[in-house]
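Student: Could you walk me through this one, a piece at a time? I may jump between topics as I go.

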Amino acid sequence: MRPHVAWIHVAPVKSLQIQERQRVTLTPRGVEEDRRFCIVDEADRMLNAKRVAAFIAVRPEFDDAMTELTLHLPAGATVRGPVELGHPVTVSIYRRLVPAHEVRGPFTAALSGLDGRTARLVRFDEPGEGVDRAGGGGTVTLLASSSLDALGEAAGADGPVDPRRFRMLIGVAGVPAHAEDGWIGKPVRVGRAVVVPLGNVGRCAVTTLDPLTGQSDLDTLGALARYRGAEATTEKLPFGVWARVEQPGSVALGDDVSA
């Protein structure tokens, strides 16, 4: 099997449910719609699924222009409204301070109702600011689909491991498990774009949560510690890599990948 793009996943609202795409355009800021919105607490600090696991069970739905948003909540209710920007805020995220604006409407009340703490929806003023390693230029993530098979075997999973659990932008089929580790520091052509992986992605407890329900159901961290913990990588509990965009371009499902 030739190496090719197996999936493209984005999260327009950081920490809410992952969405699949057929095609995206990679820019130096990554995919412009990815992590464009964020949830913050009463102190304007990023509020993610490590603190509120129920966020993962919320499915956001935007119109094509991202001017109207519907949140599909875990209990089956929905809230809908236009994306109207209100007061400016400065979001504390990954040791950075990033300008954003609060989103008016019913969204804060709906998100705050998930576990009782204040959870305000905001939109970053610039795209790319919600990506974990945006401060270091790492706006794209890659994971070999066979790496999921290796993890599933180590974790004793009953079936295939859902890639949405790891919230990676691009999946690559047709390469050995953890082949992406060998791409660090090298240009990798993905569709019409070229990216350069800069390091491994270290994993946290969010990966133990089912990507649809937010319930903890798979010991991903224990499995990584057993079969990956002793490997020479840039992170503890490594799984996948993060990269900067060297040459912008479009990426579609089935596109060739070459390192």
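Student: Let's start with Ser250, is that one buried or exposed?
Tutor: Ser250 counts as buried because its relative accessibility is 17%, where buried means under 20% relative accessible area, exposed means over 50%, and partly exposed covers what is in between, using a 1.4 Å probe and protein chains only. Before going on, please keep in mind that this is a predicted model, in which local features need pLDDT of at least 70 and side-chain atom pairs count only at pLDDT 80 or more, while totals for chains, interfaces and linings use all residues. Residues are numbered from 1 along each chain as its sequence is written, and side-chain values use heavy atoms, with hydrogens and water left out.

Student: Ok, and where does Ser250 lie?
Tutor: Ser250 is part of strand β16, which covers residues 249-252; strands here are DSSP runs of E with at least two residues, helices are runs of H or I with at least four residues, and both are numbered from the N terminus.

Student: What is Ser250 in contact with?
Tutor: Taking contact as heavy atoms within 4.5 Å, and leaving aside neighbours within four places in sequence, Ser250 is in contact with several residues, including Arg23, Val24, Thr25, Val190 and Asp255.

Student: And Val251, what does that one touch?
Tutor: Not counting residues up to four places away in sequence, Val251 touches Val5, Ile8, Gln22, Arg23, Val24, Leu26, Ile170, Val190 and Ala193.

Student: Which residues have the most contacts inside the largest nonpolar core?
Tutor: They are Leu26, Ile170, Val195 and Val251, in a core of 24 residues. A nonpolar core is a set of buried Ala, Val, Leu, Ile, Met, Phe, Trp, Tyr and Cys residues joined through side-chain atoms within 4.5 Å. The elements giving two or more residues to this core include β1 (4-10), β3 (23-26), β12 (170-173) and β14 (193-202). There is also a second, separate core, which has 20 residues, among them Val52, Leu69, Val79 and Phe107.

Student: Switching topic, in what order do the strands of the three-strand sheet come?
Tutor: The order is β5-β6-β7 in an open sheet with antiparallel pairing, where two strands pair if DSSP finds at least two bridges between them. At the edges stand β5 (59-62) and β7 (78-82), each with a single partner strand, so one side of each has no neighbour in the sheet.

Student: How many bridges join β5 to β6?
Tutor: Four bridges join β5 to β6 (residues 68-72), and the two strands run antiparallel. Within that pairing, Pro60 stands opposite Leu71 in β6.

Student: What about the sheet of four strands, which ones are at its edges?
Tutor: That open sheet has the order β4-β10-β9-β8, again with antiparallel pairing, and its edge strands are β4 (37-40) and β8 (85-93), each of which pairs on one side only. Inside the sheet, three bridges join β9 (residues 96-103) to β10 (residues 120-124), and Glu102 stands opposite Val122 in β10.

Student: How many aromatic pairs are there?
Tutor: The count comes to two aromatic pairs, under the rule that rings of Phe, Tyr and Trp (its six-membered ring) pair if their centres lie within 6.5 Å, with planes under 30 degrees apart counted as stacked, over 60 as edge-to-face and the rest as tilted. Phe37 and Phe62 form a tilted pair, at 5.0 Å centre to centre and with 35° between the planes. Phe37 lies in strand β4 and Phe62 in strand β5, so this pair ties together parts that are 25 residues apart in sequence.

Student: And the pair of Phe166 and Phe239, how far apart are the centres?
Tutor: The centres of Phe166 and Phe239 are 4.6 Å apart and the planes are at 45°, so the pair is tilted. Phe166 lies in the loop between α2 and β12 and Phe239 in strand β15, 73 residues apart. Phe166 counts as buried because its relative accessibility is 2%, and Phe239 is buried with a relative accessible area of 0%.
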